[in-house]
Amino acid sequence: MRTTVGIIGGGPAGLLLARLLHRAGVDCVVLEARTRAYAEHRQRAGMLEQGTVDALRACGAAGRLDAEGLVHGGIELRFDRERHHIDFPALTGGRTVTIYAQTEIVKDLIALQLADGPPLLFEAEALAVEAPETSAPRVRFRHEGRERTLDCDWVVGCDGSHGVARDAFPAGAVRTYTHDHPYSWLGIMADVAPSCDELIYARGEGGFALHSMRSPTVSRLYLQVPPDTDLGDWPDDRIWDELAARFAVDADWTLERGPVTAKSLTSMRGHVHEPLRHGRLLLAGDAAHIVPPTGAKGLNLAVSDVRLLARAFLALHRTGSEELLDRYSRECLARVWQATRFSHEMTRMLHTHPDGDPFEDRLQLARLRRIASSRDAAAELAANYTGLPLER
Ligand code: RFL
Ligand code: PHB
């Protein structure tokens, strides 16, 4: 098998890159390790920046997103038993965010790809990227019980945080910056109408809680828990009681409860690999960086990475110039570090520290009060949350 751009991973990053390349006339092949059903049902992100929505629209993948996505004009911060609305359009010159599940984006992109796109192979697990420093890199992969090779001009690793593409960077040529936070998120999906019109980020007495949603009838909620938490210790009633306590306010407000349909644990960590290119191998999305989900940035960063990459491949295709590919790692990392900084700050501001440092406690509340009372501080949060421009 041979192609111009070999893409490892059929998550949002790989699928969107394939779509953008296909529309630009650049040929590619996507190798996805899992089955289609698995890829379409992995529960993850839900909050899309305006730029992510625009990118999906521009490549014809937003039909359902436009019909079913929930446009939000802000978020609510809760602390000290009070509610504070952050008004995004007023603070950012009209920007909004959209709630639409990652599972649905993946379904929409897979359907388009299988209808008229370049090849997408499921249950095709990449084993290794070979000869990335030459002009003829290869991906060795296993498909239908056989080992095969995909010969490429370029390889893009969109294979998530446990992928193999990164392994082809020589040890001395890559550095990984990491930060682990001392807590995890217990997430639930529940068949109950959301108790709010906007996402609620709460710093309660017992820790952080987030109220998100997937549709007018499905709620998505998260609780800060210790990293060694056993889901078996958290029956549904205990989860709802703890959520209700953390969201409690003096105003008249109730958390509606309903049947819990899924439970999960997510560790909170930051991870950035530098650089994002070695020879003709490039990294994008979670393969390149992980951010804690408090800033809702992971999927949005994956999308902005592949928008930059698609532009660079288009320039190469049209003019033969590799200039944009040469700049990819530096430009992309500048944005990644801004999103990492924002995610880190949101995480540190909203989670209670397990060691209960009272000084840090007071600082967190001071930060939150500053955002609630200063237009400039709120505008800074709104600009980062809705997404910094791609060029920055
Ligand atoms: P993915 O989605 O992990 O896809 C990688 C794909 O590569 C495949 N793969 C391989 N294929 C072939 N050969 C191999 N050797 C392979 N190894 C792996 C995998 O099967 C998979 O299909 O990475 P991608 O495309 O970079 O997308 C990144 C996003 O999935 C991720 O950043 C977000 O989900 C993060 N995230 C959020 N991001 C947001 O922007 N907004 C949010 O509201 C948000 N909420 C979240 C989140 C992540 C969460 N968890 C579970 C970490 C909430 C949570 C709880
Ligand atoms: C979600 O809907 O899953 C979600 C929303 C916002 C976040 C994290 C997760 O910050």
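1. Basis. The model is predicted: local features need pLDDT of at least 70, side-chain atom pairs count only at pLDDT 80 or more, and totals for chains, interfaces and linings use all residues. Residues are numbered from 1 along each chain as its sequence is written, chains are lettered from A and ligands numbered from 1 in the order in which they are written, and side-chain values use heavy atoms, with hydrogens and water left out.

2. Surroundings of ligand 1. Around ligand 1 there are 34 residues, of which Glu32, Arg42, Gln102, Asp286 and Leu299 are the closest; a residue is near a molecule or strand if one of its heavy atoms lies within 4 Å of it. By class, this shell holds 15 nonpolar, 11 polar and 8 charged residues. Here Ala, Val, Leu, Ile, Met, Phe, Trp, Tyr, Cys and Pro count as nonpolar, Asp, Glu, Lys and Arg as charged, and the others, Gly among them, as polar. At least two residues of the shell come from each of helix 1 (12-23), strand 9 and helix 8. Helices (H or I, at least four residues) and strands (E, at least two) are DSSP runs, numbered from the N terminus.

3. Polar contacts of ligand 1. A polar contact is a pair of N or O atoms within 3.5 Å; within protein, one must be able to donate a hydrogen and the other to accept it, and residues adjacent in sequence count only if both atoms are side-chain atoms. Oxygen atoms of ligand 1 lie 3.2 Å from a backbone N or O atom of Pro12, 3.1 Å from a polar backbone atom of Ala296 and 3.1 Å from a side-chain N or O atom of Asn300. Ligand 1 has 1,000 Å² of accessible area on its own, and the protein covers 88% of it (Shrake-Rupley method, 1.4 Å probe; for residues, only the protein chains shown count as cover).

4. Ligand 2. The shell around ligand 2 has 13 residues, with Tyr201, Ser212, Arg214, Tyr222 and Pro293 coming nearest. An oxygen atom of ligand 2 is 2.7 Å from a side-chain N or O atom of Tyr201, and polar side-chain atoms of Ser212 and Tyr222 each lie 2.6 Å from a ligand oxygen. Of the 280 Å² that ligand 2 exposes when taken alone, the protein buries 96%. Strand 13 (199-204), strand 14 (207-215) and strand 15 (218-225) each give two or more residues to this shell, and strand 14 gives the most, with 3.

5. Strands 13 and 14 pair in the antiparallel sense over 5 bridges, and the bridge partner of Tyr201 in strand 14 is Leu210.

6. Most residues other than glycine have a negative phi, and most peptide bonds are trans. Ala296, however, has a positive phi near 55° and lies in the loop between strand 19 (289-290) and helix 8 (298-319). Ala131 has a positive phi of about 55°, in the loop between strand 9 (124-130) and strand 10 (138-143). The bond from Glu274 to Pro275 is cis, with omega near -5°.

Notes
Two strands pair if DSSP finds at least two bridges between them.
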